[in-house]
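Open the structure in your viewer and keep the selection tool at hand. This tour tells you what to select at each stop.

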Amino acid sequence: MKFRIFTEPQQGASYDDQLAIAQATERLGFNAFFRSDHFLAMDAPNGGLPGPTDAWLTLAALARETSGIRLGTLVSSATFRHPGLLAVQVAQVDQMSGGRVEFALGTGWFAAEHAAYGVPFPRQRFGLLEEQLEVITGLWDTPLGERFDFTGSHYTLRDSPALPKPAQQHIPIIVGGTGAERTPRLAARFADEYNVPFSPIAETDAAFARVRAAVEEAGRDAGSMIYSTAITTAIGASESEYRRRAEAIGEDPAGFRAESLGGTVQEAVDKLGALADIGVETVYLQIMDMQDLEHLELIAAEVAPAFA
């Protein structure tokens, strides 16, 4: 099982805060640093100060200040950027990192942040997402020296040189969500990894089954897909330390323990073991307190080794 650190900087984190946790992620042996792609805080005690940071601008900087960890968003919103320009941005960050980017794209959901920054938020967004994946992968996959054209309901590209190219021959694509019909089909068509965020184990298992079926129906081996989950995390070396960490992020310790990855080290190992039993290969540990680097040290020393 791979462990990735996943952060929510819009809740109140500067670039320096993100740099510190990304470098700790690398130093402690985690597989990747991922961040959200949001521009508005959600019930943050400090109002989200100092304010939002752009996901891909941040990852570009982190690409130059780390050397081994994978980098990405969970997930970028199809409403925020034109796919042609996003393809350029992600390819450039991949070059800057020496080929360490993974690309996750979703429909977007937080209407208030769109209103706050004047970004259109169409009611129907799934078609937008599908066309963006077609455009972005099409640009990256076009052989050097050839041109890319695309005509869709939302986007039209004409005679594109389809440059620049990523450093990787293929940037891994992540599709997530729990939709019962369209999401499995989209994952089977485009994704290297399917992610179920913040869901009970039974619902995650059912979502995996739908995607496995869609992958096989598309003519792929179901084992060619990586199956992952994201889970909010607060772990303590003792009960009192756990309670302190849960309360620090505004959570009731009892409720958080039941619904998320909360509790003592052994409780965390047990819940992660249950996730492994349903086929979870990669876990995105959502760390809400980005100042608590000792939390990462505990997970690296006491939890991750159980799944080495």
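**Stop one: Ala162**

Select Ala162. At 3% relative accessibility, Ala162 counts as buried, because buried means under 20% relative accessible area, exposed over 50% and partly exposed in between (1.4 Å probe, protein chains only). Ala162 sits in the loop between β7 and β8. Its phi is near 55°, a positive value in a residue other than glycine.

Before moving on, note what you are looking at. This is a predicted model: local features need pLDDT of at least 70, side-chain atom pairs count only at pLDDT 80 or more, and totals for chains, interfaces and linings use all residues. Numbering runs from 1 along each chain as its sequence is written, and side-chain values use heavy atoms, with hydrogens and water left out.

**Stop two: two cis bonds**

The peptide bond from Leu163 to Pro164 is cis, with omega near 5°. Pro164 belongs to the loop between β7 (156–160) and β8 (173–176). Helices (H or I, at least four residues) and strands (E, at least two) are DSSP runs, numbered from the N terminus.

Now select Leu74 and Val75. They too are joined by a cis peptide bond. Here omega is about -15°. Look for Val75 in the loop between β3 (70–73) and β4 (76–77).

**Stop three: Phe198**

Select Phe198. Find it in the loop between β9 (193–197) and α7 (201–217). Phi of Phe198 is near 55°, positive in a residue other than glycine. Why do such angles and bonds deserve a stop? Most residues other than glycine have a negative phi, and most peptide bonds are trans.

Is Phe198 buried or partly exposed? It is partly exposed, with a relative accessible area of 45%.

**Stop four: Asp37**

Go to Asp37, in the loop between β2 (32–35) and α2 (55–65). Asp37 counts as buried, at 1% relative accessibility.

Show its polar contacts (pairs of N or O atoms within 3.5 Å; within protein, one must be able to donate a hydrogen and the other to accept it, and residues adjacent in sequence count only if both atoms are side-chain atoms). The Asp37 side chain makes one with the side chain of Ser76, at 3.3 Å. A polar atom of the Asp37 side chain also lies 3.4 Å from the backbone nitrogen of Ser77.

Which residues is Asp37 in contact with, leaving aside neighbours within four places in sequence? They are Ala55, Val75, Ser76, Ser77, Phe80 and Arg81. Contact means heavy atoms within 4.5 Å. Val75 is the residue from the cis bond with Leu74.

**Stop five: Phe110**

Select Phe110, in the loop between β5 (101–106) and α4 (111–117). Phe110 counts as buried, with 15% relative accessibility. Setting aside neighbours within four places in sequence, Phe110 is in contact with His38, Leu40, Ala41, Met42 and Phe121.

**Last stop: the whole chain**

Clear the selection and zoom out. The chain has eleven helices and twelve strands. Of its 308 residues, 52% count as buried. Its C-alpha atoms fill a box of roughly 60 × 45 × 40 Å, taken along the principal axes. Among contacts between residues at least 6 apart in sequence, 72% join residues at least 24 apart.
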